[in-house]
Amino acid sequence: MMAAFSVARSSCGLINGLRISFRSLAQVKHGAVAASVPQTSLQRDSRWYSVGHLSVKERIDKKRKAALVGGGQKRIDAQHKRGKLTARERVELLLDPESFVETDMFVEHRCSDFGMEQDRNKFPGDSVVTGRGRINGRLVYVFSQDFTVFGGSLSGAHAQKICKIMDQAMTVGAPVIGLNDSGGARIQEGVESLAGYADIFLRNVMASGVVPQISLIMGPCAGGAVYSPALTDFTFMVKDTSYLFITGPDVVKSVTNEDVTQEELGGAKTHTTVSGVAHHAFENDVEALLNLREFFNFLPLSNQDPAPIRDCHDPSDRLVPSLDTIVPFESTKAYDMLDIIQAIVDERDFFEIMPNYAKNIVVGFARMNGRTVGIVGNQPKVASGCLDINSSVKGARFVRFCDAFNIPIITFVDVPGFLPGTAQEYGGIIRHGAKLLFAFAEATVPKITIITRKAYGGAYDVMSSKHLRGDVNYAWPTAEVAVMGAKGAVQIIFRGKENQAEAEAEYVEKFANPFPAAVRGFVDDIIEPSTTRKKICRDLEVLASKKQVNPWKKHANIPL
Amino acid sequence: MAAHGLSTSLSRLLFPVKYASLRPRCCALHSKAQYSTVYNPSEKTFDKILIANRGEIACRVIKTCKKMGIKTVAVHSDVDSSAVHAKMADEAVCVGPAPTSKSYLNMDAIMDAIRMTGAQAVHPGYGFLSENKEFAKRLAAEGVTFIGPDTHAIQAMGDKIESKLIAKAAKVNTIPGFDGVVKTAEEAVKIAQDIGYPVMIKASAGGGGKGMRIAWNDEETREGFRFSSQEAASSFGDDRLLIEKYIDNPRHIEIQVLADKHGNALWLNERECSIQRRNQKVVEEAPSTFLDPETRRAMGEQAVQLAKAVQYSSAGTVEFLVDSKKNFYFLEMNTRLQVEHPITECITGLDLVEQMIKVAKGYQLQHKQEDIPINGWAIESRVYAEDPYKSFGLPSIGRLSQYQEPLNLSNVRVDSGIQEGSDISIYYDPMISKLVTYGATRAEALAKMEDALDNYVVRGVTHNIPLLREIITHPRFISGDISTNFLPEVYPDGFKGHQLDVDSRRELLAAAAGLYVSAQLRSQKVLGNLRVSSTPVECSRWELCVELGEGRHAVEVTKAGNVYTVEVDGGKVEVSGEWNLASPLLPVTINGTDRMLQCLSRDASGRIVLQHLGTSFQVRVLSKLAAELNSYMPEKVPEDTSSILRSPMPGTMVAVSVKPGDTVAEGQEICVIEAMKMQNSLTASRQAKVKSVHCKPGETVGEGDLLVELE
């Protein structure tokens, strides 16, 4: 950790007189800009303080006013110029109108070194806005880092404010949303700042699986600071204005001699397509916040609550005739699993998680008859929908989130198996694949599985099979549950024999259909694809009261 | 005006009833409006018919066969194995892979299918083998009845040159300047000069308007010759061409004829097919607003003369060009069932497929000429999977993710061969359906067409409903002032969608605001027992900002029940509706007027795509706060497209005329893409040097694929 922090300092914080300048992060140097505005206003403040003419009430008003402008108008303008909103604008847009209840508006940092104790270096509320509010009427706790105050750097007080609302969120059982826009540690505070990070990390970990935690990265987030979003359930980013990295390009250059831009190193595109660190990227602040509101609607407030049910205009018994012809005749031909998902779920409304990463598996939230469900589906369109390292990890994390928060899981299976090759084996497909297996097996939420076509080999077992306590397992008439495809199987069973074609035909006749699984009760029914929505909705109704408890344990030991 | 007078006089003629009693009369007509198949069990025809076609026409034929108690056999390519026509038929036989030359044109496979299923007759539909004399001969050789005219008639009428000679001999008016076979470009130019420009060039063997090119000078004649001869060779294996005088501002009016094998022939009135793009029909109607009874009779009689001259039997169509002085000239005769036959069925009440089957079996026509009525008015819109914003329609492909025909409306007939989930592929004609509406008067039929188009849900492919709706509501079309040049004249700069006026713009903004507020309110409706109570925002007034195109409008919405009062641009609009957020259709009442809007998409950031008056518009609705904050958001720069040539449609690359390093002049051909049997030449938009070429002849390209980069 220490190593990470020291690089964080060198990458983002340079001591520049009394302030931190973010040369590598911000295009506008605002060390100088910032000095002027607060100076005048705070000098006035200091006069009032010393003279003490003002009543307490007036002082309260004054402080509140000061808190509302954060680092001052010039810095607000600079923030806007960068295409970013201020911490308060973000909170206002995220929450229902007039629902925000702020806490700790009067908290100030306690640093007394490097002249920080001077009044002009104190900002009511410090560099973060915290409180609670409502999203579509539902309770949420939120913190929003204020880049206009010391570049949103994390002081002891800043951390303490965040910890306070996280503790409250835990006691009442409500989600926490973090809007991150921070240069890193408050270097003037030294270890106090590091302690602050650790306090937050601990709470992130304690809250994990208790209340949903969402991070929206809306500016820089570098060094040790990245681990808070990494510990939360979902990390969203804003394109072009947000970055997540352990060390910035300068340090990368000095250590590994690589030339890399911030965007390439830790921009939204990198993290949503290459690293899999972030779950979604949005065009800009406004889009991100509006989408976050939409996303929040899917989530229960805590692990004490069932998956939310929203008023639904889509009939639960709607038949979907288009599904009867969606799986192509030739089993080698691809189709788009998203077509199936969108046709089945309420109002074609599917919030995909990590749409551009490990695209051979599709995960995301939707609703069935108004109730939130988690959808997992192999994507035959990409790499035939095989399971590899990245898709296994992506799927596993999603399944575990759903299980933790009582969200039923619907799995669409069309999987030819695990991806072979040295890259995969050396990369540890065995232990990563095991994660998905572990997650499905461990999950006690309602699990409904639909085999649309291939369910081959070990991957069949993994994909929420009956054997892993699937509650309802359906097969479409096009399903083929087998150890492998006909060609491979025949080559092994009838090795060296002539008439391979005939043997292959026999194998297809015998196994390339849903019957072998159905006669053994491994699938509960073979259903007409058009009736899938209707059947899932009915099953979910019944499974709403499902109770299943895993044996007592301190915690399981998922193969990380 | 004349047209209008005609239509009213017609309706008076046909409905000598008072207006009050017109409505029940219309309902009675309704069943007749479609067509009525009179199944007479004693009149035995065939036990089993094979339909050598696909799509809507195959379905259309199967429907009548079912009514007549005839078993049906469908043929299909492998990609069509779950197509509607294959499922509708009693038996379905796969005749080969997707390309038509290997399946629907594969005579050997189709003959095998006939033998295998024991079909006694074959209905060829239109296109494919419908006018192929070879096919008819092979059927005859095996004792299978071809439901269509004799080989002799197919041959005589299939050849554009021979058909004109026969027509001339039968005293049918023919186009002046008619000439013969052309072998070289120079010969073509000479002929063209003799006739006098403009001239029309097309493949002799080609049917319909496909491959027809018009030349106004020598250069264009050479180009037309090149294209037409190529197309002729590749599509018909017959490179003969036809050049003739091109009639400016003509109307395309055709006469449906029906003849039996006993020398009887009838004319079933006309169809007006002047609305065309690139010489393919888009909107057709029957009758025509232009014809007076005398002209109609003259045309009908000449058509029958021609039919008799070639001993025609079965249904056929004699196409005429009609000039502004009501002179008409024989164009060609189509020896098959036409695409647009439903409108004739609507106004005559006859089932043409039934008539064809009966005639093929050898029965005499039961109707006399005086029995053929003109009952009311019928309009047909061809709904295509194509982008009307690109030269009035370039093919588009995709999967019909949602599809709903407006069959809930009365007096609407939809002939289609697809359903929700069907694929529109590059292999076949991109027609989605033929939408036919019917009314006692033209105005009624047009109003119904408007309704039907608004209620038609097509998602997943780009379609031409915006264009269709604009055509049928255009003042020139309504007044009947049309010609085959209608589209280029009305939209000289290309079709741009419906142009909103102040009122319709306001309607759209109000509907979008209403939908947005409904969705917002619904988001607060969380059901069930909640551990932490929910506190929805108590609000009955919303301040919004609605963006449409370049315009931004401050909008205020107040709600009372399902009625939203929307203040926009200083005007008040009342919008009410069910606001069903799951339905693709969005029926609303706007200031007392019922409108059927469609919601194409709606996302979390306030973007709503609404189809209003046929055209889809992207609207963005934001709260006042979000709109204010949105002004800080940077504009993202889109890709510079002036130096890139992307494929405007999916298809096959036929020729690439440039290589890297070449300098191309503005308008110079860069490559040719063949899609849906059409060759499309892509040209340079400016003079430039070719930087790179990303395509090869023979390759399949998708829409939007990068073809060539210019420097």
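**Entry 1: a helix in chain A**

I began with helix α18 (residues 486-493) of chain A, where A:Ala486, A:Ala489 and A:Val490 are buried. Buried here means under 20% relative accessible area, with exposed over 50% and partly exposed in between (1.4 Å probe, protein chains only). These three cover an arc of only 95° around the axis, which puts them on the same side of α18(A); the arc is that of the directions from the helix axis to the C-beta atoms. I noted that the cover over the buried residues of α18(A) includes α19 (500-511) of chain A. Helices (H or I, at least four residues) and strands (E, at least two) are DSSP runs, numbered from the N terminus.

**Entry 2: conventions**

I recorded that this is a predicted model, in which local features need pLDDT of at least 70 and side-chain atom pairs count only at pLDDT 80 or more, while totals for chains, interfaces and linings use all residues. Residues are numbered from 1 along each chain as its sequence is written, chains are lettered from A and ligands numbered from 1 in the order in which they are written, and side-chain values use heavy atoms, with hydrogens and water left out.

**Entry 3: chain A as a whole**

I found 21 helices and 20 strands in chain A. Buried residues make up 59% of its 560 residues. The C-alpha atoms of chain A fill a box of roughly 100 × 55 × 45 Å along the principal axes.

**Entry 4: aromatic rings**

I looked up the aromatic pairs, for which ring centres of Phe, Tyr and Trp (its six-membered ring) lie within 6.5 Å; planes under 30 degrees apart count as stacked, over 60 as edge-to-face and the rest as tilted. One pair, A:Phe234 with A:Phe401, is edge-to-face, at 4.7 Å centre to centre and 70° between the planes. A:Phe234 lies in strand β9 (residues 234-238) of chain A and A:Phe401 in helix α14 (residues 389-404) of chain A, so the pair ties together parts that are 167 residues apart in sequence. A:Phe234 is buried at 3% relative accessibility, and A:Phe401 is buried at 6%. Both belong to one aromatic cluster, whose members include A:Phe298. The charged end of A:Arg367 sits over the ring of A:Phe298, 4.0 Å from its centre; the criterion is NZ of Lys or CZ of Arg within 6 Å of the ring centre and within 35 degrees of the ring normal.

Notes:
Contact = heavy atoms within 4.5 Å.
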